[in-house]
Amino acid sequence: MITRVLTVSILAGLLAGLIVAALQHVTTTPLILKAETYEAALALKAPTLAAFDGEAKLILAHGPAGDAPGHDHAEWKPQDGFQRTLFTGAVTIATAIGFAALLLAGMIAAGDGIDQRSALVWGACGFLALGLAPAMGLPPELPGAASAALEQRQLWWLWTAIATGVGLFLFLRFDRPWLKLVAVVLILLPHVVGAPHPAVPESKVPAEVAAHFAALSLGIQAALWLVTAFMVGVLWPWANRRSAEA
């Protein structure tokens, strides 16, 4: 069982990741490159680590506020061109493998049959819980966009994803009205509390560029979930047949 889960997760993630990485190359990546021209004018004052947005980037260190002009900042990111495409594709494939493993673990734990239809349903729910619901409070951001403290955003994203996932499971799996009510409350509660946002939402990125990127990013993430789920639904029966033949 473990071998089949690992095999299907890796194969499904690899195939889905390659497909979606190609979509990213012609959709979100050009917007990120455009936004980086605005980011150059934004003075970062503290180390930050952005949420996954389909681009590989690591900020190693930043000088404290009040640095003298000309102070060097140690920053690394893939060079534009082949290196950037390679790193972005690798991140996307790794993410798809993780999604595939989550889908398989959930369906196996729930005792569901794993085929294309059931996998797509689980994939849609995964996108709702880990993609769309958190994005309603914290939409995907371009470099140079204003944002609240990283720890606050991470905590809100985490409990929103968990609450939405549990809420969807209760709503779809149980018929008791009070459980459906609990599910609705769980799904809505993080948005009633509200996501953390900066006190002064200053940004170097034009609003229309940021809005276009947020919409495309959600579309790309939905595609990643659904293509990964489809691959899982195709490959799991194949892995079962091979295991039975062996």
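I call a residue buried under 20% relative accessible area, exposed over 50% and partly exposed in between, using a 1.4 Å probe and protein chains only.

**Entry 1: ground rules.** I am working with a predicted model, in which local features need pLDDT of at least 70 and side-chain atom pairs count only at pLDDT 80 or more, while totals for chains, interfaces and linings use all residues. Residues are numbered from 1 along each chain as its sequence is written, and side-chain values use heavy atoms, with hydrogens and water left out.

**Entry 2: the whole chain.** I looked up the secondary structure and found seven helices and zero strands. Helices (H or I, at least four residues) and strands (E, at least two) are DSSP runs, numbered from the N terminus. Along the sequence the pattern reads α-α-α-α-α-α-α. The chain has 246 residues, of which 35% count as buried. I then looked up contacts, meaning heavy atoms within 4.5 Å. Of those between residues at least 6 apart in sequence, 75% join residues at least 24 apart.

**Entry 3: helix α1.** S9 sits in helix α1, which covers residues 2-26. Is S9 buried or exposed? S9 counts as buried because its relative accessibility is 3%. A polar atom of the S9 side chain lies 2.7 Å from the backbone oxygen of V5. Beyond its neighbours within four places in sequence, S9 touches I97, A100, A101 and L104.

I19 is also in α1. With 40% relative accessibility, I19 counts as partly exposed. Its contacts, leaving aside neighbours within four places in sequence, are V227 and M231. I also noted A223, which is 204 residues from I19 in sequence but 9.3 Å away in space, C-alpha to C-alpha.

**Entry 4: helix α3.** I checked the length of α3, residues 82-110. The expected span of a helix is 1.5 Å times one less than its number of residues. For the 29 residues of α3 that gives 42 Å, and the end C-alpha atoms are 42 Å apart, so the two agree. After α3 comes G111, with a positive phi near 75 degrees.

V91 lies in α3. V91 is partly exposed, its relative accessible area being 25%. G17 is 74 residues from V91 in sequence, and their C-alpha atoms are 8.6 Å apart.

**Entry 5: α4 against α5.** How do helix α4 (residues 116-135) and helix α5 (residues 150-173) pack, and at what angle? The angle is about 145 degrees and the axes are 8 Å apart. Axes here are lines fitted to C-alpha atoms, for helices over the stretch in contact, and angles run from 0 to 180 degrees between N-to-C directions. Residues making the contact include W122, C125 and L128 of α4 and W156, W157 and T160 of α5.

Entry 6: P140 is in the loop between α4 and α5. At 24% relative accessibility, P140 counts as partly exposed. Apart from neighbours within four places in sequence, P140 contacts A135, F213, A214, S217 and L218. L216 is 76 residues from P140 in sequence and 9.3 Å from it in space, C-alpha to C-alpha.

**Entry 7: the UniProt record.** Under "transmembrane region", the unreviewed UniProt entry lists residues 86-107, 119-136, 156-174, 181-199 and 211-236. UniProt positions are given in the numbering used here, feature names are shortened, and annotations may be inferred rather than shown by experiment. I looked up two of these spans in the model. Residues 156-174 are 95% helix and 0% strand, with end C-alpha atoms 27 Å apart. Residues 181-199 are 68% helix and 0% strand, with end C-alpha atoms 34 Å apart.

Key:
A polar contact is a pair of N or O atoms within 3.5 Å; within protein, one must be able to donate a hydrogen and the other to accept it, and residues adjacent in sequence count only if both atoms are side-chain atoms.
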